[in-house]
Amino acid sequence: MHYPRSVVLHLTENCNLNCKMCYFWGENGSFTKQEKSRTPETLDFNIIKDIVEYLTPGKPFYSLFGGEPLLYPHLEDLISLVKGAGSFIDTPTNGTLLKAKAPLLVRAGFDLVRVSLDGPKEINDQQRGKGTYEKAIEGIDALAQEKQRVQAKKPKIDIIYTVTNKNYNSIERLFREELDLNLIDMTTIQMQNYITEQMGARYSEFLEKEFDIDSNQYWKGLIQNTKDFNNIDTEELARQVKTVSSHFKKLKKQVLLLPPTFNPENLNAYLNAEWNKMTDLYIKCIVPWVSLDITASGEVAPCHIFYDLTMGNLHENNLEEIWNGEKYKRFRTYMEENSFMPICSGCCILYLSGRKKRKRS
């Protein structure tokens with residue numbers, strides 16, 4: 001039996017923040033543009049139980065997703081279910097609810113908490129809202145103290161730093177001056193995920209032609225104009241990332257970079273959407289064969305974030321029927337024959353689940 005190795009559970013569309021750059025609730029986010037009367041979806045816990053039961057033999061990696069995943073009303077039961085099935089579980093979080101949830105996460109044996117910070121206090125709060133930095137730091141401290149109190153090693157703590165045109169030169173200050181790295185196990189430094197208008201238009205044509213889908217709700221929230229990145233000094237960005245990475249290496253802590261090569265040439269190519277000029281070139285994405293997302297409305301999506309393309313709904317069919325169904329087979333065939341969709345180059349997941357072509361010198 002072929003099971004997915006990784007499952008993202010989009011637990012809720014609800015979020016307690018409105019981060020400016022968020023592709024769901026930000027200034028140009030897919031949910032922000034909808035009617036305010038729309039009620040955010042929450043994933044039915046019965047669907048999660050069915051998923052975990054079916055996938056238990058394969059023991060996939062589970063990652064929670066939102067909105068803000070810590071708002072999910074069945075969080076403790078969910079963690080208990082996944083850990084009881086012998087699987088690893090992690091979550092990204094804005095960190096503002098972490099202090100209240102720390103005892104639960106430690107008690108339940110949660111594996112990894114990935115806290116999003118976008119720079120020192122004034123930079124982070126500019127993008128995420130006043131007071132969010134202090135709340136996130138309080139949450140990290142509370143989680144570390146709770147682990148120490150009961151002599152637990154988990155959850156591990158990862159700091160996710162998403163590079164934007166507002167915070168690209170604050171990386172060194174955050175990690176070398178502001179954070180207590182004794183409390184941090186690893187960091188992920190990633191470029192802001194985006195696509196261009198042209199990529200979106202081609203993706204829309206692909207959806208209609210191949211799957212008779214006319215949705216543009218999600219991909220439009222990822223559109224950026226490359227001119228918005230013109231102020232980013234890639235020499236300085238690369239220098240700061242190199243300095244922080246070297247420091248983490250000395251501390252024997254892990255650094256994950258997305259894309260993997262943070263040099264000025266590669267970053268310039270990324271920020272100008274000149275994907276074919278990047279050092280990190282890929283010939284194939286393996287996600288359709290190894291991973292899936294379950295959206296808050298029960299849709300099974302083969303790609304993370306780009307939820308316009310779906311393979312079926314778990315309110316109508318079970319996961320086995322969808323995962324092994326004709327629509328999924330058709331999509332895998334397309335990807336096998338064409339390697340990528342029009343939006344794939346701008347997806348940071350490619351750097352986690354792609355097969356490299358070559359590395360430029």
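Predicted model: local features only at pLDDT ≥ 70, side-chain atom pairs only at ≥ 80, totals over all residues.
Me: What makes the contact between E76 and R107 a salt bridge?

Reply: The side chains of E76 and R107 come to 3.0 Å, N to O, and since a salt bridge asks for a Lys or Arg side-chain nitrogen within 4 Å of an Asp or Glu carboxyl oxygen, the pair qualifies as a salt bridge. E76 lies in helix α2 (residues 75–84) and R107 in helix α3 (residues 98–107), so the pair ties together parts that are 31 residues apart in sequence.

Me: Why is R107 called exposed, and why is E76 called partly exposed?

Reply: The relative accessible area of R107 is 55%, and because exposed means over 50%, R107 counts as exposed. For E76 the value is 39%, which falls between the 20% limit for buried and the 50% limit for exposed, and therefore E76 is partly exposed.

Me: How do you know that D118 and R128 are buried or exposed?

Reply: D118 has a relative accessible area of 0% and R128 has one of 11%; because buried means under 20%, D118 is buried, and R128 is buried as well. These two residues form a salt bridge, with their closest N and O atoms 2.6 Å apart. D118 sits in the loop between β4 (112–116) and α4 (121–128), whereas R128 belongs to helix α4, and the pair, 10 residues apart, links distant parts of the chain.

Me: Why does the pair of K329 and E326 count as a salt bridge, and how far apart are N and O?

Reply: The N to O distance between the side chains of K329 and E326 is 3.7 Å, and because the cut-off is within 4 Å, the two meet in a salt bridge. Being three residues apart in helix α12 (residues 326–338), K329 and E326 are separated by about one helical turn. By the rule for such pairs, the count comes to 14 salt bridges.

Me: What makes strand β6 (residues 186–191) mostly covered?

Reply: Six of the six residues of β6 are buried, with M186, T188 and Q190 pointing one way from the strand and T187, I189 and M191 the other way.

Me: How do you know that β6 pairs with β5 and with β7?

Reply: Two strands pair if there are at least two bridges between them; six bridges join β5 (residues 156–163) to β6, and five join β6 to β7 (residues 254–258), so both pairings meet the rule. The strands β5 and β6 run parallel, as do β6 and β7.

Technical notes
Residues numbered from 1 in each chain as written. Heavy atoms only, no water. Helix = DSSP H or I, 4+ residues; strand = E, 2+ residues; numbered from the N terminus. Buried < 20%, exposed > 50% of the residue type's maximum accessible area, 1.4 Å probe, protein only.
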